[in-house]
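Thanks for making time this morning. I would like to walk you through one model, and I will give the cut-offs as we go.

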Amino acid sequence: MPLAKNEYLSDSWKDGIFANKVVFCTGGAGTICSAQVRALVHLGANACIIGRNVEKTERVAQDIATARPGAKVIGIGSVDVRKLEALQQAVERCVKELGGIDFVIAGAAGNFLASIEQLSANAFKSVMDIDVIGSYNTLKATLPYLKESGKKHQMDNKSLQPSPIGTGGRIIFVSATIHYRGMPFQTHVSVAKAGIDALSHSVALEYGPRGMTSNIIAPGPIAQTEGFERLLPSDALEAYIKSQPLGRVGHVRDIADATVYLFSDTGSYVTGQTLVGEFI
Ligand code: HXC
């Protein structure tokens, strides 16, 4: 059942701001990333979402397409972000069918609770590979198209005019906050998310001069997600809510709105930043 519009996007954004734009998203069948993509599609974009489960990825792509009449949303399942070649093939299909790539969301992640003693070397490596190598592969596979899109929106330093007005060449890495202080039973994920943050900062510096932006969204617990159900024990919820200035947990709509901001014209001068989704 697709979410009603007011459940995945606030009413502040203008229809059509992402017309003719294309978003490529890994982990796109998950609750958070699918809401991010749905918001962009609602506002005019077409999309390609990548997942590991064919049936789920195609079903979610069809659901997202209902956000706007005429939207084109491709779901490519059975792509493991640990394999660069598989991602490159998905990118080629996206470009062939949708015409390019303007925005990328690197959202694929692996997670489970395990103590350091329970964690085998292969378990640690699996999460590093999915999160860090997977984010790097996503960047690597999409970079030629991001550069092309970013080039169109570089500032003209002679006239000091943004030329032309528009948006493209933007990447968001979905990270977390657990590595800021460390987190028991999440050593593998903490280390991986720290790597993702370093990746984003470096992309911002290296590709800023080419008109690209790179930013991080770092959600805390987001209601009605798999991570929320599995990773935040229900007896810890009340104390967590009390610890937060807004007295609530995050919602997928908060993440979708942040995504729209970072990809919109409004976010043109924002790069190398992290939008942190909880009070630490
Ligand atoms: C200990 C585990 C384990 C567990 C897997 N392993 N699950 N070890 N506790 N619960 C070990 C396996 O025994 C194996 O090691 C190694 O990890 C690889 O497991 P596989 O299943 O063979 O590999 P793979 O198919 O690569 O899957 C890895 C996975 C994946 C990370 C477990 O299935 C996965 O990503 N699942 C969940 C997806 C998910 O939760 N997504 C939402 C993320 S939420 P050995 O030594 O036996 O070979 C999120 C929020 C972050 O990211 C914010 C945090 C607060």
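Before I place anything, a word on the elements: helices are DSSP runs of H or I with at least four residues, strands are runs of E with at least two, and both are numbered from the N terminus. Please keep in mind that this is a predicted model, in which local features need pLDDT of at least 70 and side-chain atom pairs count only at pLDDT 80 or more, while totals for chains, interfaces and linings use all residues. Residues are numbered from 1 along each chain as its sequence is written.

Let me begin with the whole chain. The protein chain has ten helices and nine strands. Its radius of gyration, taken over C-alpha atoms, is 18 Å, close to the 19 Å that the globule rule (2.2 Å times the number of residues to the power 0.38) gives for 280 residues, so the chain is as compact as a globular protein of that length. Along the principal axes, the C-alpha trace spans about 55 × 40 × 40 Å. Of the 280 residues, 44% count as buried, where buried means 20 or more other C-beta atoms within 10 Å of the residue's own, exposed means 12 or fewer, and partly exposed lies in between, with C-beta atoms placed from the backbone.

Now to the ligand. A residue is near a molecule if its C-beta atom, placed from the backbone, lies within 6 Å of it. Of the 18 residues around the ligand, Gly-110, Phe-112, Ser-120, Ala-123 and Gly-227 come nearest. Which helix gives the largest share of this shell? That is α5, with five residues, and both α5 (121-151) and α8 (226-231) supply at least two each. The shell divides into ten nonpolar residues, seven polar and one charged, counting Ala, Val, Leu, Ile, Met, Phe, Trp, Tyr, Cys and Pro as nonpolar, Asp, Glu, Lys and Arg as charged, and the others, Gly among them, as polar.

Two loop residues have a positive phi without being glycine. Gln-224, in the loop between β8 (213-219) and α8, has a phi of about 60 degrees, and it is partly exposed, with 14 other C-beta atoms within 10 Å. Phe-185, in the loop between α6 (178-181) and α7 (187-207), has a phi near 65 degrees and counts as partly exposed with 16 C-beta neighbours inside 10 Å.

Finally, helix α10 (residues 252-263) is mostly covered, ten of its twelve residues being buried, among them Ile-255, Val-260 and Phe-263. What covers these buried residues includes α2 (31-42), β7 (170-174), β8 and β9. Strand β9 (residues 274-277) holds Val-276, which, leaving aside neighbours within four places in sequence, is in contact with Thr-177 and Ala-218, contact meaning C-beta atoms, placed from the backbone, within 7 Å. Val-276 and Ile-216 are 60 residues apart in sequence, yet 8.3 Å apart in space, C-alpha to C-alpha.

Terms used
Two residues are in contact if their C-beta atoms, placed from the backbone, lie within 7 Å.
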